[in-house]
Amino acid sequence: MTTRRDFLRGCLAGSAAAATAVLPETACARDTLQRPPEALGLLYDATLCVGCQACVAACKRVNENPAEFTTVDHLWDTPLDTSGHTFNLIKMYRHGTMATKDAEENGFSFMKTSCMHCADPSCVSACPVSAMTKNPLTGIVGYDPDACIGCRYCVAACPFGIPKYQYDSPTGKIGKCELCRHRHQDGHYSACAEVCPTGATLFGRTDDLLAEAKRRLSLKPGEWTTIPRGRLRHAGEKALAGGEDGKGEKHRHGWRDEPDQSYQAQLGNYLQHVYGETEYGGTQVLKLSAVNFQKVGLPDLPPKSSAATSETIQHTLYGGLVMPIVVLAGLTWVARRNVVPEADEEKGGQP
Amino acid sequence: MSGQHAAAPVGGKLFNATTLICGVLIAAMIAVLFVRFIFGLGAVTNLNDGYPWGIWVVFDVVIGSAFACGGFSVAMLVYIFNRGHYHPLVRPALLASLFGYTLAGVGVLFDLGRWWNFWHILWPGYANPHSVMFEVAVCISAYITVMWIEFSPVFMEQWGLRVQRRKLEKVLFFFIALGTLLPMMHQSSLGTLLVVMGPQVNPLWQTPVVPLLYLLSAIAIGYGIVLFESCLAASAYRREIETHLLQPMAKIMLGVLAVFMLVRFGDLIVRGALGHAMNPSREALFFWLETVCFAAPFLIVGKPAARRNPARLFLAGCAIMLAGILLRINGFLIGYDTGLGVDNGWNYFPSIAEMLVTIGMFALEVLGYIIITRRFPVLSRTEAAH
């Protein structure tokens with residue numbers, strides 16, 4: 001029967017197994033991922049936004065999403081939040097008399113709600129079937145409904161509450177902004193930036209957008225400056241497109257040619273913070289605001305992504321299956337000594 | 001570990017008040033699921049984008065599989081720590097685990113929004129090994145298979161498949177080892193599921209040691225479930241309670257619980273998160289409820305004399321089950337806040353239809369347990385003779 005040695009042997013195997021669960025972050029540590037160098041994104045400047053919702057309508061149109069009614073007359077598309085059928089929304093902050101735009105006290109402000117295209121997205125780390133993927137070149141976080149199992153772990157994981165599920169359908173998909181990647185091959189960029197009348201939503205390379213955001217922060221509030229609209233051209237990109245590939249429509253970047261739409265405007269009284277520069281390792285969509293970011297609906301996030309923490313734990317425990325195999329070997333060795341075939345036991349008891 | 005512990009079918013009628021009630025509950029579940037698969041999740045559940053996971057995930061899978069840890073906890077005691085005298089408890093515990101896990105696996109399909117793709121999770125090319133859920137899915141699928149293999153001697157015994165049985169038993173030790181490893185892996189990973197949600201989970205439950213907390217609590221729940229089930233089965237089938245086994249097992253359970261408490265509070269203090277338990281908030285209230293339930297078994301069966309009292313053993317089992325439920329609900333629902341409070345207005349409380357499915361799954365487990373224990377050699381024979 002049981003001997004002390006057997007018990008100790010069991011303890012040994014048990015503690016080896018327990019060790020697998022508590023090993024500190026060591027060689028398997030997975031750092032927070034950084035934006036790819038050619039990452040694409042948006043810059044949203046709340047002080048330039050007039051709340052016209054043209055971007056909301058354009059987003060609906062190009063993504064072929066149905067209207068969502070919240071008023072009795074069912075006349076207008078009036079979503080109250082992003083959903084499986086609404087990937088982009090301008091929300092409003094209001095306080096007191098709402099007399100002044102971009103004032104925290106007795107004022108109001110706008111904020112765009114759509115996917116931030118994180119450098120190290122929680123949804124991509126969470127997705128068990130690679131339906132959420134991050135493009136290694138553009139960094140766009142894309143969704144593939146044909147791979148998706150509808151577990152909604154991405155919905156739970158995202159700190160911005162962005163991936164949303166279509167609960168109203170037996171074949172519901174996840175809905176989220178994919179930066180209009182389906183329109184890129186035609187030379188179109190994100191519809192929200194294409195239609196924005198004030199340049200509040202600007203499309204471009206995230207590096208360029210970050211530089212543009214910092215330029216605005218470096219100037220004095222109220223100062224006149226040139227504000228680009230639509231797509232922010234990369235510094236090295238030729239100002240005039242069309243000639244390069246000889247086809248007239250597209251230049252070498254593949255984007256459709258557009259006349260320069262920039263205009264002169266007065267700068268807002270910004271908070272000295274580019275939201276998305278460092279949050280969760282950085283995002284590809286950046287935000288500028290005059291009103292506290294938490295008050296306009298953006299969470300206060302650390303520079304370390306939770307995907308990095310989660311994958312560090314997983315890689316420490318299961319990296320190369322080393323730990324499970326070692327523990328299994330130990331357990332097998334112990335079990336082999338302790339398991340008495342039941343058929344043998346019964347020989348004494350059964351006739 | 002001698003012949004006197006050989007298992008035998010309990011016998012008796014399969015059709016009685018209990019099985020009838022189970023049948024009605026299962027029928028109600030099927031009706032709800034019919035609506036769910038025709039009209040979508042929104043038609044029957046209160047799920048929303050603030051709470052994308054409801055009781056079908058948290059109860060049926062996360063809690064359900066922890067409750068199914070009896071088989072793992074007892075098998076570990078018998079085969080790894082070589083406590084052979086607990087052997088009569090192995091089969092009934094394994095049976096309950098088998099049902100708990102198999103139904104958790106099936107229950108996941110009800111919740112999957114695009115269930116026809118479920119096989120992607122195990123398919124190279126789709127599977128994402130960095131995902132915690134991938135690890136959970138692989139281990140649970142493997143464990144269900146391993147458990148059916150571990151339990152198959154019961155069927156072979158009943159159907160007289162002696163040759164096959166002898167062959168299987170030569171390699172059974174390997175499946176027992178695997179059956180100990182796999183639950184360790186996925187029970188801890190069920191806790192790790194929370195980590196990627198980051199600061200959306202209250203600091204009382206968001207910690208890097210969450211895998212260890214879920215593993216330790218699952219082992220403790222495993223022993224708690226055995227206390228609970230043994231007392232229940234003894235009273236329902238009018239058999240003698242195996243106090244001589246349950247009493248020392250309760251002591252082992254307290255040991256595991258003590259380690260759990262040490263890790264739990266050590267972690268809260270090191271991270272400086274204990275302050276969140278002092279706020280006048282719903283989260284703090286549920287944290288203390290959870291903590292009281294984890295501490296209760298020390299008061300109920302702390303003394304050796306108390307452990308000889310079957311009613312106290314039963315209560316201790318209930319307390320630890322409740323504690324396990326609270327730890328998991330608190331992490332996944334009570335302490336979870338989408339968008340860190342900036343997206344106000346999200347609420348979740350399960351709909352009647354959702355509860356009917358969870359209850360129906362439980363009824364299916366009870367019905368299966370009754371049918372198999374009455375017709376197959378699961379419970380040990382000696383006590384049946386008393």
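## A parallel pair

Strand 1 (residues 40-45) and strand 12 of chain A run in the parallel sense, joined over four bridges. Look at one link in this predicted model. A:Leu43 has A:Leu286, in strand 12 of chain A, as its bridge partner.

## The sheet and its helix

This pair belongs to an open sheet in chain A. Three strands make up the sheet, in the order 9-1-12. Their pairing is mixed. Which strands lie at the edges? They are strand 9 (201-205) and strand 12 (285-288) of chain A, each pairing on one side only. From one strand to the next, the twist averages 20°.

A helix packs on this sheet: helix 6 (residues 206-218) of chain A. Helix 6 touches strand 1, strand 9 and strand 12 of chain A. The direction of helix 6 makes about 130° with that of strand 9 of chain A.

## Where the chains meet

How many residues of chain A are in contact with chain B? The count is 71 residues of chain A, in contact with 70 residues of chain B. Several elements of chain A give two or more residues to its side. Among them are helix 1 (4-22), helix 3 (122-126), strand 7 (164-165) and helix 7 (306-318). Helix 8 (322-338) and helix 9 (342-349) of chain A are also included.

Which helix gives the largest share of the side of chain A that touches chain B? Helix 8 of chain A does, with nine residues. Now sort that side by class. It has 39 nonpolar residues, 23 polar residues and nine charged residues.

Technical notes
Residues are numbered from 1 along each chain as its sequence is written. Chains are lettered from A and ligands numbered from 1 in the order in which they are written. This is a predicted model: local features need pLDDT of at least 70, side-chain atom pairs count only at pLDDT 80 or more; totals for chains, interfaces and linings use all residues. Two residues are in contact if their C-beta atoms, placed from the backbone, lie within 7 Å. Ala, Val, Leu, Ile, Met, Phe, Trp, Tyr, Cys and Pro count as nonpolar, Asp, Glu, Lys and Arg as charged, and the others, Gly among them, as polar. Two strands pair if DSSP finds at least two bridges between them. Axes are lines fitted to C-alpha atoms, for helices over the stretch in contact, and angles run from 0 to 180 degrees between N-to-C directions.
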